[in-house]
Amino acid sequence: MDSTTVEKILKEIEKFAPAAESEHVGRVTAVGDGVVAIDGLSKAVLSEIVMFEEGKGKKLADAMSAEAELYGLILNLEEDGVRATILGDTARVSEGMTVKSTGKILSVPSSEELLGRVVNALGEPQDGKGPFKKTTLMPVERQAAGVIYRKGVSVPLATGTKAIDAMIPIGRGQRELIIGDRGTGKTTVAIDAIINQKYEPEETRPICIYVAIGQKESKTARIAQQLREQGAMDYTIIVDAPASAPAALQYLAPFSGVAIGEYFMDKGKDVLIVYDDLSKQATAYRQLSLLLRRPPGREAYPGDVFYLHSRLLERACRLSEEKGGGSITALPIIETQEGDVSGYIPTNVISITDGQMFLVTDLFNKGIRPAIDVGISVSRVGSAAQTKAMKAVAGGIKLELAQFRELEAFMQFASDLDKATADRIESGRRMVEVLKQKNGAPIPLERQVAALYAASHAFFLDVPVGKVTEVEGLLMDFLDGQYAKTLAAIRKSGQLSEDDKKELNKAMEEFRLAHSEMFSQ
Amino acid sequence: MEQVYAQALFKMVEGGMEPKKAVTAVRERLIAEGREGLMSRIARAFSHIAQREMQKSGLVLTLAREKDSHAAHKEAKKFLDEMGASAKDLTTRIDETQTGGWRLEGREHLIDASYKKYLLSLYARATNS
């Protein structure tokens, strides 16, 4: 650039008179642990976004080299100021800094572009694949749909897990809690449900959102990789607020996730959202609340911790046809300590959701995976959404298993058992084996129906318990090869007709003849 | 605790009570409650409140150069009128990093007509597009 051009630019700048506009501002009086006290901003509203002015007093070049703008979220309105949480690096905020009101409520960008991407709690890309081009801003805090805009749960959401789809069925728009100690396979159940959606036709396939709250980055990276390998990332969005993220972002992540989900629901689509996990969100919210000097209550949680979860989970619903008929199905996860479900947060979320599945360490250690304790797991609305085919085969399983568990306990004291009791125990053992499933391998509906049909018709009774899984696998391969039409018919109609039953009986007979060595018992 | 007493003291004085009377009233109250030891801490809290209140009502006009003062005062007058303030309430400061223009801050308002703000927004637009 020659000197005359520079001169010209400088003259232009000299002549320039920028339009001055009045902005509503405050001043930082105290900062610490991600929370700032701000004097002023008397017209600010709750959940408003404020912007920290970092350039003041800095040279132009330094101000230009600063990172992206730093925002805060107002959480407390007080007599002589406000308290806000910093949505970024606390070290960038200093006492005396000017804080500008933006007049905007916190929103996150949402669009189809987010599919297959990993974003943070503010909707910013975290996967290095560049910014989003065209998005719609969705408010993070939004009132849940009212009663007249809702519709009952009637469409099934297949999870691909036999034990769930048969005994604790989930419908689209339902909120089903996954609860258990650490290391019992809670995340696996949720991830399998996401992977299983690949078997759904594209037009009715739910958009999946996995919200990782306070998780290790390595775990989230592994999940993203697993979803990618299984081809599930094409319809999935990951909202990541890792353990290293500020408490504010961990508190916001589930709300951001559901806001993104609402974009798709408003368009009439179905959404499946997994909150992994809400215990950590509650802990983050407790930290924030204590720093905001809100009065602590039970277990030092603030008084509104119930409302924190209820307002989040109420946003999961199925909309009426007039509203587009979309839905959000929520699978919140809660981690218990030593199997104690009577804790504050677990009982809160149990009472909010439409059912819960308990995962138990004992079953997990016995090799029963998924380690769901079907005796105490329920789905309050899902049975209305269960397919007829599944209803036909799963009707008596829960009772059979409950009886088996009771007899199993009794068996430890009694050596002589009558034949009926012994048969029931043997049948129960095999049913437990049939319900076992590898992780990361969800099973499509028709195969589940076939396996459970076989189990409920004493097909495995002559198979040694240790070989049930193997025989089941071979039977499924046999059905895939020889009876693909029957399986396709079950899938298409969602029913188990008399013809289908005949075909399955025939298939089981043929298989038994072909593999007679496996039925030696 | 001292914050509450300091706030009360400030409101008493602001409400028109003589400072000496107000302090005596607070001291008597403290003696009655057995909290006389709080007095020095109340004084510190009071000075913080007073300082904050002064900042709230004060207005600062920041310029990049001394010579821009006349033009800046003229341009800022409209905003001062809106805020119910006059030129007498202004404290003028020089901040060379502003490059040019002026910036009026105070009473929960910020009017930034500095070149720096314009250049930064220009830079942000240029680098984001």
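**Core, central sheet and chain contact in a predicted model**

The largest nonpolar core comprises 156 residues, and those with the most contacts inside it are Ile194(A), Ile209(A), Val211(A), Ile273(A) and Val449(A). A nonpolar core is here a set of buried Ala, Val, Leu, Ile, Met, Phe, Trp, Tyr and Cys residues joined through C-beta atoms within 7 Å; a residue is buried if 20 or more other C-beta atoms, placed from the backbone, lie within 10 Å of its own. Helix α6 (residues 247–266) of chain A gives the largest share of this core, 13 residues. A second, separate core has six residues, including Ala6(B), Leu9(B), Ile42(B) and Phe46(B). The model is predicted: local features need pLDDT of at least 70 and side-chain atom pairs count only at pLDDT 80 or more, whereas totals for chains, interfaces and linings use all residues. Residues are numbered from 1 along each chain as its sequence is written, and chains are lettered from A and ligands numbered from 1 in the order in which they are written.

In chain A, an open sheet of eight strands has the order β8-β12-β11-β13-β14-β10-β15-β16, with mixed pairing. Helices (H or I, at least four residues) and strands (E, at least two) are DSSP runs, numbered from the N terminus, and two strands pair if DSSP finds at least two bridges between them. β8 (118–119) and β16 (378–379) of chain A are at the edges with a single partner strand each, so one side of each has no neighbour in the sheet. Strands β11 (residues 207–213) and β13 (residues 270–276) of chain A are paired in the parallel sense over six bridges, with Val271(A) in β13(A) as the bridge partner of Ile207(A).

Two helices lie across this region. α6(A) lies across β11, β12 (236–241), β13 and β14 (327–335) of chain A, at about 175° to β11(A). Helix α7 (residues 278–291) of chain A lies across β11, β13 and β14 of chain A, at about 75° to β14(A). Axes are lines fitted to C-alpha atoms, for helices over the stretch in contact, and angles run from 0 to 180 degrees between N-to-C directions. Residues are in contact if their C-beta atoms, placed from the backbone, lie within 7 Å.

The contact between the chains takes 23 residues from chain A and 22 residues from chain B. On the side of chain A that touches chain B, β1(A) provides the largest share, five residues. β1(A) and strand β4 (residues 109–114) of chain B run antiparallel and are joined by three bridges; Glu23(A) stands opposite Leu110(B) in β4(B).

Conventions. A residue is buried if 20 or more other C-beta atoms lie within 10 Å of its own, exposed if 12 or fewer, and partly exposed in between; C-beta atoms are placed from the backbone.
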